Amino acid sequence: MRVLISGGGTGGHIYPAIAIANKLEEEIKDIEILFVGTEKGLESKVVPSAGYELKTITVEGFRRKITFDNVKRVLKLFKGLEDARKIVKQFKPDLVIGTGGYVCGPVVFNAAMRGIPTVIHEQNAFPGITNKILGKFVSKILISFEDARKYFNNESKVVFTGNPVRKEILNSNKANARKKLGIPEDKKMVLCVGGSGGSEKLNRSMIPIIRDFVKDDIQFIHVTGRYHYEDFMKSLGEVNLRGCQKIVDYLDDMATALSASDLVICSAGAITLAEITVLGKPSIIIPKAYTAENHQEYNAKSLESKGAAIAILEKDLNSGSLSNAISKVLGDRKKLKEMESNSREIGMPQSIDIIYKEIIDML
Ligand SMILES: CC(=O)N[C@H]1[C@@H](OP(=O)(O)OP(=O)(O)OC[C@H]2O[C@@H](n3ccc(=O)[nH]c3=O)[C@H](O)[C@@H]2O)O[C@H](CO)[C@@H](O)[C@@H]1O
């Protein structure tokens, strides 16, 4: 069986694609998987390191206003459609899966026009523009929030599956992860990550907190995001990091870091939240304010209302508010346990199995 998978730009579109690829590979003998992404997207690094072949096409997203830049983007779209046509024609897939991001537009569209079975997976309650358009042409639409259903007009094609989580995260174990990172059982460990690109606002608030963590011997991994690392290190200045006190620009091994932690400070991307709830992690969530339809705030409030998280809006975020929230959770063993169990209740480890079943039923 030959499967073409496309999705990219940010981690929130790429990791679900990898989770689905892992599952198909695990279940189906003689499977050949090819990814399609762009050179610029995070997928150009992440997909090959996950062990999959990636072909790239030239395509860019549109801005909402009519600009000269948009004219160039239309020309790129034609090039993208042509690139996608060649890849689909040459690879001859039996199935094409899109997980969002503009790159999957031309690929999934071309396959649908050829009558190849096509599936899209939408991670958010408010679908992205590419998935909304593709929804009209594909064989099946997999959604992760019931609220997304109303944005697709062919109800019979829509199935609720939840967001898939990568197998290394599903299979991770806290004791092993702590051993790997050298964290003793009695030490507190905090992971801080502002989505796949990092968050400048979160970074800024974390600077005094990192100094406190160093003073109090709290173990932590802070992920700045690739483009913010140098500025962050400059602003932080000299600190004497000990044990598992790490600052990195990107985490390749998210499974170990997540699994080892007692508390996760994060933004409210749908895949990050799927991962922390599958592992039952308490969290302090800072939704990014500029996301489409403010969907990150919606995600964060949903976890907070179930007692799994504390949400702090970006407008209220500063070192003081964040530090208070951290002390409230880390300093109260009972609260930590309660939040852990509320978080686990929300998690959907079965999502990947539902997705697999839906794909196989369709074929
Ligand atoms: C600003 C914006 O519009 N962000 C969107 C984007 O977020 P973003 O790309 O940040 O996606 P998520 O937070 O949902 O997921 C990030 C993914 O990257 C992984 N990761 C992250 C950092 C790192 O160093 N290493 C690593 O492996 C995480 O484990 C996770 O698998 O896609 C999500 C899913 O469509 C949306 O809900 C978000 O709103």
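Modeller: Domain bounds come from an automatic or database domain assignment. This is a predicted model: local features need pLDDT of at least 70, side-chain atom pairs count only at pLDDT 80 or more, and totals for chains, interfaces and linings use all residues. Numbering starts from 1 along each chain, as its sequence is written.

Colleague: What domains does the assignment give for the chain?

Modeller: Domain 1 is 2-163 + 350-362, and domain 2 is 168-346. Their centres, taken over C-alpha atoms, are 29 Å apart.

Colleague: How many residues does the contact take from domain 1 and from domain 2?

Modeller: Two residues are in contact if their C-beta atoms, placed from the backbone, lie within 7 Å. Here domain 1 gives 13 residues and domain 2 gives 11 residues. Helices (H or I, at least four residues) are DSSP runs, numbered from the N terminus. Helix 1 (residues 11-27) supplies the largest share of the domain 1 side, 4 residues. That side divides into 5 nonpolar, 8 polar and no charged residues. Nonpolar means Ala, Val, Leu, Ile, Met, Phe, Trp, Tyr, Cys and Pro; charged means Asp, Glu, Lys and Arg; the others, Gly among them, are polar.

Colleague: Which residues surrounding the ligand are the closest?

Modeller: A residue is near a molecule if its C-beta atom, placed from the backbone, lies within 6 Å of it. The ligand has 25 residues around it, and the closest are T10, G11, G12, G195 and G269. Helix 1, helix 11 (270-278) and helix 12 (295-305) each give two or more residues to this shell. The shell divides into 8 nonpolar, 15 polar and 2 charged residues.

Colleague: Where does the ligand lie relative to domain 1 and domain 2?

Modeller: Between them, because both domains give residues to the shell around the ligand.
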